[in-house]
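Here is a friendly walk through one protein model, meant to be read with the structure open beside you. Please have your viewer ready.

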Amino acid sequence: MAFRGPVTREQIVARIAEHPLGQSPDDMRSNFCRLVLGDGARPDSSARCLRPERSVGLPPVIWFHGGGYVFGGPDTHARIGRYLADTHGLVVHLPHYALAPEHRWPAQLDDALAAVPGGPAPILAGDSAGGHLALVTALAMSREGRPPAALLLFSPNTDRSGLSDTRTAMEDDDPMVDDADDRLLARMCFGDMASDDPQVSPVLDDLSLLPPTWIEVGTPEVLLGDSLALVERGRAAGADIHLTVTPGLLHMAQVWAPWWDAACASLDRAAEFAIDRVTSAAA
């Protein structure tokens, strides 16, 4: 196990520095797994469903894991699901989706849409690339006339067209990701797709289709500008969209729940927003 009790930001940053991801997909997958789960961990991409002892009766949360579409999986993000289930009474699904470069876009979107269950529209959520996937999936569902009940995004990739001004400005201060590595991962997934394609940069899509949306991001963080651009353009389109920027919150901070208080607070804010919006709509 990576940690066994409460931790500080400094301890997490030190662990990140001690576990570089590498450059090949295989190295990234095994090293990220060891970073998040512990030095003896092995990747396990099986799908998971985390259920609370007492459910609040809301639609399920579908959480798409981060990892640049190249690494990560349900196992690396299972603590997030367990925290949301135990603390907020939510049923959380962590589906597996095809990873690049073996599978290029839109394989990930196809898998995400297939993972959405029938019945009441779910709450979609995701971090980093998983936030991008949750966002694009939500817009696709809205076009089909079945918008998600809410959308929870954590440091999502939203723009590769040049709107964000933090991708290079903050890369020396973000311990988890830099712009060069993020672009490398994007090439593995999107290939030669245009940077202004709305599926690559969903900030350029029709954001009037957004369901109630909550965004969590930190500073200094390379993808801060992605969130700021999404909020600005979403509000201009009339979306119910909200942003919390937390100084010191790390990229993919939520994988460190329940050990890091800041990660738990981030998940708490988003969960409370979703619960409020879903119960208000039902009333």
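Which residues of H7 are buried? They are Leu 224, Gly 225, Asp 226, Ser 227, Ala 229, Leu 230, Val 231 and Gly 234, where buried means under 20% relative accessible area, exposed over 50% and partly exposed in between, using a 1.4 Å probe and protein chains only. Bear in mind that this is a predicted model, in which local features need pLDDT of at least 70 and side-chain atom pairs count only at pLDDT 80 or more, while totals for chains, interfaces and linings use all residues. Residues are numbered from 1 along each chain as its sequence is written, and side-chain values use heavy atoms, leaving out hydrogens and water. Helices (H or I, at least four residues) and strands (E, at least two) are DSSP runs, numbered from the N terminus.

**The sheet**
- An open sheet is built from 7 strands in the order E1-E3-E2-E4-E5-E6-E7, with mixed pairing; two strands pair if DSSP finds at least two bridges between them.
- At its edges are strand E1 (48-50) and strand E7 (241-247), each pairing on one side only.
- From one strand to the next, the twist averages 15°.
- Strands of a sheet pair through backbone hydrogen bonds, either parallel or antiparallel.
- E1 pairs with strand E3 (residues 92-94) in the antiparallel sense over 3 bridges, and Arg 48 is found opposite Leu 94 in E3.
- E4 and E5 are joined by 5 bridges in the parallel sense, with Ile 123 opposite Ala 150 in E5.

**Strand E5**
- Because 5 of the 5 residues of E5 are buried, this strand is largely enclosed by the rest of the structure.
- Ala 150, Leu 152 and Phe 154 point one way from E5, Leu 151 and Leu 153 point the other way, and all are buried.

**Helices H5 and H7**
- Helix H5 (residues 129-143) lies across strand E2 (61-64), strand E4 (123-127) and strand E5 (150-154), and runs at about 150° to E4; axes are lines fitted to C-alpha atoms, for helices over the stretch in contact, and angles run from 0 to 180 degrees between N-to-C directions.
- The 13 residues of helix H7 (residues 224-236) should span 18 Å at 1.5 Å a residue, and the end C-alpha atoms are 19 Å apart, which agrees; the expected span is 1.5 Å times one less than the number of residues.
- H7's buried residues pack against H5, E5, strand E6 (213-219) and E7, with contact meaning heavy atoms within 4.5 Å.
- Just after H7, Gly 238 has a positive phi of about 90°.

**Aromatic pairs**
- The whole structure holds 9 aromatic pairs: rings of Phe, Tyr and Trp (its six-membered ring) pair if their centres lie within 6.5 Å, with planes under 30 degrees apart counted as stacked, over 60 as edge-to-face and the rest as tilted.
- Phe 3 and Trp 256 make an edge-to-face pair, because their ring centres are 5.6 Å apart and their planes lie at 65°.
- Phe 3 precedes helix H1 (9-18) and Trp 256 is in the loop between E7 and helix H8 (261-282), so this pair ties together parts 253 residues apart in sequence.
- Phe 3 is buried at 14% relative accessible area, and Trp 256 is buried at 2%.
- Tyr 69, Tyr 97, Trp 105 and Phe 190 are linked into a cluster by ring pairs.

**A buried histidine**
- His 77 lies in the loop between E2 and helix H3 (78-88) and is buried, with a relative accessible area of 0%.
- Among the residues His 77 touches are Phe 32, Trp 63, Asp 127 and Met 252, not counting residues up to four places away in sequence.
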